[in-house]
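Take a look at the protein below. This report describes how its parts pack together.

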Amino acid sequence: MIENIIQKDKELLIYLNNLGSEQWDSFWLTITNQFTWTPLFAFVLFLVFKQFGWKKGLFTVLFVAIIIAFSDQFTNLIKNTTERIRPCNTEGLKEYLRNFTYKPRGYSFWSGHASLSTTITTFMILLLRKHFKLIYLMILFPLIFGYSRIYLGVHFPVDVTTGYVSGMILGTLFYFAYLALEKKLGVRKW
């Protein structure tokens with residue numbers, strides 16, 4: 001059963017990766033860079049401070065820093081435990097993928113890009129949904145970000161999908177932890 005899933009995962013990766021074309025390569029290389037998303041991050045921070053003020057805004061920023069650190073380290077733990085080789089570095093597979101000079105090292109399962117972006121997105125949507133209805137558009141961030149990893153052949157579809165699922169779970173858990181800590185510390189809008 002696992003072998004069948006792995007085989008289908010490889011086939012889907014080859015199919016999706018080969019849909020790409022040279023005219024789109026620079027776009028997806030830009031999309032996969034975290035710094036490309038800085039305007040989105042700045043806008044979300046603006047919304048946080050606008051809604052919550054400085055005191056609760058700073059509390060939220062510090063909490064997000066904890067989320068990022070935890071998500072990153074948890075992903076590294078999973079990657080170093082599973083040790084799944086990235087598709088772009090896998091002998092017998094990389095020959096079927098489009099060739100990019102961008103070939104990150106490290107392991108593939110699960111996608112840190114997909115996991116972290118979904119964790120932050122889930123957390124922010126839960127936090128701001130009552131105040132800004134358009135915050136739901138933030139869902140596009142992990143979807144596009146995660147697809148860039150498949151396009152570039154650095155993650156399998158299962159890596160990205162699992163990253164999305166882990167991100168939704170972590171984002172939700174962190175949201176409830178945030179509410180509990182906020183209540184315990186008595187953090188209010190200021």
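## Helices α3 and α6

This is a predicted model. In it, helix α3 (residues 38-82) packs against helix α6 (residues 157-185) at an angle of about 140 degrees. Their axes are 11 Å apart. The angle makes α3 oblique to α6, because only angles over 145 degrees count as roughly antiparallel. The crossing of α3 past α6 is right-handed.

Which residues make the contact? From α3 come K56, F59, T60, F63, I67, F70, S71 and F74. From α6 come L170, F174, A177, Y178, L181, E182 and L185. Sort the residues of this contact by class, and 11 are nonpolar, two are polar and two are charged.

## Helices α5 and α6

Helix α6 also packs with helix α5 (residues 140-151). Here the angle is about 155 degrees, and the axes are 9 Å apart. That makes α5 roughly antiparallel to α6, because the angle is over 145 degrees. Is the crossing of α5 past α6 left-handed or right-handed? The crossing is right-handed.

On the α5 side, the contact uses P142, L143, G146, Y147, R149 and I150. On the α6 side, the partners are P157, V160 and Y164. The classes in this contact are seven nonpolar, one polar and one charged.

## Aromatic rings

How many aromatic pairs does a search of the whole structure find? The search finds 23. Ring pairs also link a set of residues into a cluster: F59, F63, F70, F74, F109, W110, F123, F174 and Y178.

Some of these names have already come up. F59, F63, F70 and F74 belong to the α3 side of the contact with α6. F174 and Y178 belong to the α6 side. These residues therefore take part in the helix contact and in the ring cluster, with a ring pair counted when the centres lie within 6.5 Å.

## A charge over a ring

One more ring deserves a look. Find F156 and check what lies over its face. The residue there is R84, at 3.7 Å from the ring centre.

## The whole protein

Now step back. Along the sequence, the pattern reads α-α-α-α-α-α.

What box do the C-alpha atoms fill? Taken along the principal axes, the box is roughly 60 × 35 × 25 Å.

Note on methods. Residues are numbered from 1 along each chain as its sequence is written. This is a predicted model: local features need pLDDT of at least 70, side-chain atom pairs count only at pLDDT 80 or more; totals for chains, interfaces and linings use all residues. Side-chain values use heavy atoms; hydrogens and water are left out. Axes are lines fitted to C-alpha atoms, for helices over the stretch in contact, and angles run from 0 to 180 degrees between N-to-C directions. Helices (H or I, at least four residues) and strands (E, at least two) are DSSP runs, numbered from the N terminus. Angles under 35 degrees count as roughly parallel, over 145 as roughly antiparallel, 65 to 115 as roughly perpendicular and the rest as oblique. A crossing is left-handed if the near helix is turned anticlockwise from the far one by less than a right angle, and right-handed if clockwise. Contact means heavy atoms within 4.5 Å. Ala, Val, Leu, Ile, Met, Phe, Trp, Tyr, Cys and Pro count as nonpolar, Asp, Glu, Lys and Arg as charged, and the others, Gly among them, as polar. Rings of Phe, Tyr and Trp (its six-membered ring) pair if their centres lie within 6.5 Å; planes under 30 degrees apart count as stacked, over 60 as edge-to-face and the rest as tilted. A charge sits over a ring if NZ of Lys or CZ of Arg is within 6 Å of the ring centre and within 35 degrees of the ring normal.
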